[in-house]
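Colleague: Please take a close look at the inside of this model for me. Start there, and then go on to the parts around it.

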There are 2 protein chains.
Amino acid sequence: MTRRITAKDIAMQAGVSRSAVSRAFTKGASVKPETRTRILDVAENLGYRPNAIARSLIKQETDLVAVVTGSEDNIYDMYFFDRLALRLQHEGKWGLLVRAERDEDISKKLGEALMYPVQAAIVRAGTVNTTIVEQCQRLKVPLIFTGPCPVAGADSVWCDNEEGARLAVDTLIQRGCRKIAYLGGDIRMLSENSRRKGFFDAMKTFGLEPFAVLDGDFYHADGYSNGVQLLTARDVPDGIFCANDAAAMGVLDAAKQVSNLRVPEQLAVIGFDNIPMAAWPSFDLTTIDNPIDLTTQAVADTLKKRLDAPGLPEMSVAITPKLVLRGSA
Amino acid sequence: MTRRITAKDIAMQAGVSRSAVSRAFTKGASVKPETRTRILDVAENLGYRPNAIARSLIKQETDLVAVVTGSEDNIYDMYFFDRLALRLQHEGKWGLLVRAERDEDISKKLGEALMYPVQAAIVRAGTVNTTIVEQCQRLKVPLIFTGPCPVAGADSVWCDNEEGARLAVDTLIQRGCRKIAYLGGDIRMLSENSRRKGFFDAMKTFGLEPFAVLDGDFYHADGYSNGVQLLTARDVPDGIFCANDAAAMGVLDAAKQVSNLRVPEQLAVIGFDNIPMAAWPSFDLTTIDNPIDLTTQAVADTLKKRLDAPGLPEMSVAITPKLVLRGSA
DNA sequence: CTATAAATTGCACTCGTGTGCAATACAATA
DNA sequence: TATTGTATTGCACACGAGTGCAATTTATAG
């Protein structure tokens with residue numbers, strides 16, 4: 001591996017001291033304009049750029065932010081991640097990718113990643129891992145949770161899933177549904193728990209018993225099989241709230257395939273997240289929008305505040321989801 | 001910002017020299033077992049871990065790999081990125097996220113990112129940017145292109161899109177189609193160009209003229225509107241090859257909506273990429289699988305080879321796509 | 001032309017860590 | 001016990017860059 005060009009090389013080539021090179025790259029530093037030009041020319045020629053790693057050592061700070069994601073490979077999360085990456089880039093931060101294969105590995109991987117002096121860690125994981133929080137606290141690395149259910153000791157930006165579930169139930173009821181089923185996701189996920197809670201609470205408000213409650217895993221196939229089960233029974237629901245869009249689409253597919261219920265007249269279906277596909281004509285899915293832009297913006301804001309004032313008390317920002325009315329309910 | 005715990009702190013607390021701390025963390029270094037234990041205990045207590053940045057300075061290498069992506073937000077790319085991240089993590093590399101908003105910004109962003117001494121850069125971009133290659137060459141940073149059309153001066157792993165398109169045409173012809181349309185993607189994209197070329201070549205082989213050729217942008221909405229246009233004309237095609245799955249799904253939706261053509265009997269549709277949604281019952285899309293695992297594996301292999309032997313001649317690995325037969329053709 | 005102020009430059013130290021080398025402590029052998 | 005060999009340890013330097021301070025050059029005023 002050929003050696004990287006250093007400031008020393010530039011200094012020799014340009015006939016100046018190494019400090020001069022450093023100053024040439026420092027805005028506002030005192031260097032004679034011609035000298036700076038000459039140095040920058042030489043640097044350009046040799047393909048030099050200051051080593052961010054050496055610089056950060058002395059400046060005592062980096063622009064690195066660990067971006068930690070768990071094992072979940074659902075579509076919404078991918079979009080979310082993509083937008084988050086973009087937002088961080090806008091803020092002048094460099095994301096250090098920490099990708100755990102299973103949720104249990106998250107804290108381990110993050111631990112390794114923290115060998116790099118990151119400014120903060122942004123974590124998006126389905127299940128909460130207390131170890132992560134402790135780890136970051138001990139290393140004094142600010143931690144921002146992206147997703148539901150804040151944990152003491154970390155900032156968090158979370159979608160108000162309970163509110164979203166209430167919105168869904170309200171809408172179904174308003175549509176005239178009375179036999180409402182809930183098709184949940186993986187119960188280990190925090191988002192699932194709060195969506196489920198919101199569902200039960202809302203139903204209680206209306207004095208209704210859930211028609212059925214099924215567990216699932218947030219995937220289309222799961223929504224499909226659960227949908228088949230629900231819709232081939234003797235008594236079928238007239239409304240289904242699904243814990244995410246993929247599952248809802250599975251239900252819609254099942255409805256088409258194994259029943260001749262008309263959607264939304266005889267069967268109303270509502271999803272959660274509002275992934276781009278929900279708008280596709282074949283689904284035309286009414287859903288609860290989990291606002292990516294608002295959320296990533298809030299993450300960026302929280303990050304900035306936290307870095308500006310490390311002593312600030314814990315921050316917890318709730319993002320309110322909203323109904324997106326389409327053809328399925 | 002509270003100062004990070006350093007080896008010096010540990011050394012004082014444990015009553016040893018700083019070198020001892022360093023050695024305690026270096027496998028195979030000469031330290032008395034009890035001393036090491038004591039040091040590691042203190043380190044554990046104080047939440048210390050060696051600063052990767054300082055270490056990399058002296059070791060003259062990092063585990064960082066720049067992962068560069070352009071503006072394209074299509075579903076396949078997101079899955080691809082996710083799997084690539086996972087693979088890199090497996091290889092013990094840390095991805096440095098470089099996310100450009102527009103393709104033109106890629107080289108600029110990468111340039112900034114190269115202030116970090118990365119081992120290599122992995123680039124996935126729709127359009128090829130010669131600047132990127134020059135930049136990496138000058139900085140002597142190995143560059144691996146992920147995607148079609150290698151550029152001189154960089155390694156590349158690419159899907160044989162021409163072959164994929166041929167496969168699609170073969171299949172359509174075998175199904176009895178003779179009036180075959182091509183629904184392309186953004187013509188600035190390299191993958192589009194080779195898929196298109198493959199399509200034309202294959203058609204020529206069979207002595208057929210394309211029934212129609214439409215430009216698009218790889219999105220569902222585009223496939224839908226182009227589909228409507230194609231299928232509401234006086235004369236309609238009996239087979240459509242789409243440049244990616246999303247567009248193909250748009251076509252299928254259009255077929256359902258504005259025609260009563262039976263798929264696949266009267267209209268066969270083939271996509272490209274094989275995103276997970278292609279398997280969903282509502283689409284059941286026959287498509288050309290663009291193998292993510294093979295590709296990311298090849299990227300990892302190429303990376304390893306390149307790092308082991310920087311002097312090796314340019315590598316170009318072709319990944320052969322294969323047909324996935326489902327219900328749409 | 002000289003005196004003074006301002007701009008430019010280089011020296012030397014610093015950041016946190018790894019490591020060769022020499023010094024020391026300990027164990028094994030005679 | 002004396003001697004040799006081996007395991008530990010600390011010192012000092014290195015990595016690449018930023019910066020205070022003092023030395024030097026240049027510009028400005030008198």
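**From the core to the DNA**

Modeller: The largest nonpolar core has 88 residues, and A:Met277 and B:Met277 touch the most other members. A nonpolar core here is a set of buried Ala, Val, Leu, Ile, Met, Phe, Trp, Tyr and Cys residues joined through side-chain atoms within 4.5 Å. Buried means under 20% relative accessible area, exposed over 50%, and partly exposed in between, with a 1.4 Å probe and protein chains only. This is a predicted model, in which local features need pLDDT of at least 70 and side-chain atom pairs count only at pLDDT 80 or more, while totals for chains, interfaces and linings use all residues. Residues are numbered from 1 along each chain as its sequence is written, chains are lettered from A and ligands numbered from 1 in the order in which they are written, and side-chain values use heavy atoms, with hydrogens and water left out.

Leaving aside residues up to four places away in sequence, A:Met277 touches A:Ile75, A:Tyr79, A:Met249 and A:Phe283, and also B:Ile75 and B:Met277; contact means heavy atoms within 4.5 Å. Another core lies apart from this one and has 54 residues, including A:Ala66, A:Val123, B:Leu96 and B:Ala154. In soluble globular proteins, nonpolar side chains tend to be buried together.

B:Asp245 is in helix α11 (residues 245-258) of chain B. Helices (H or I, at least four residues) and strands (E, at least two) are DSSP runs, numbered from the N terminus. The side chain of B:Asp245 reaches the backbone nitrogen of B:Ile275 at 2.8 Å. This is a polar contact, a pair of N or O atoms within 3.5 Å; within protein, one must be able to donate a hydrogen and the other to accept it, and residues adjacent in sequence count only if both atoms are side-chain atoms. Among the residues that B:Asp245 touches are B:Gly271, B:Phe272, B:Ala278 and B:Thr287.

Next come the DNA strands. Around DNA strand C there are 27 residues, of which A:Arg23, A:Ile58, B:Ala7, B:Ser22 and B:Arg55 come nearest; a residue is near a strand if one of its heavy atoms lies within 4 Å of it. The side chain of A:Arg23 has an N or O atom 2.8 Å from a base nitrogen of DNA strand C. The elements giving two or more residues to this surface are α2 (18-24), α3 (33-46) and α4 (52-59) of chain A, with α2 (18-24) and α4 (52-59) of chain B.

DNA strand D is surrounded by 28 residues, and the closest are A:Ala7, A:Ser22, A:Arg55, B:Ser17 and B:Arg23. A polar side-chain atom of A:Ser22 lies 2.4 Å from a phosphate oxygen of DNA strand D. Base nitrogens of DNA strand D lie 3.4 Å from a backbone N or O atom of A:Ala54 and 3.1 Å from a side-chain N or O atom of B:Ser19. Here the elements giving two or more residues are α2 and α4 of chain A, with α2, α3 (33-46) and α4 of chain B. The most comes from α4(A), with five residues.
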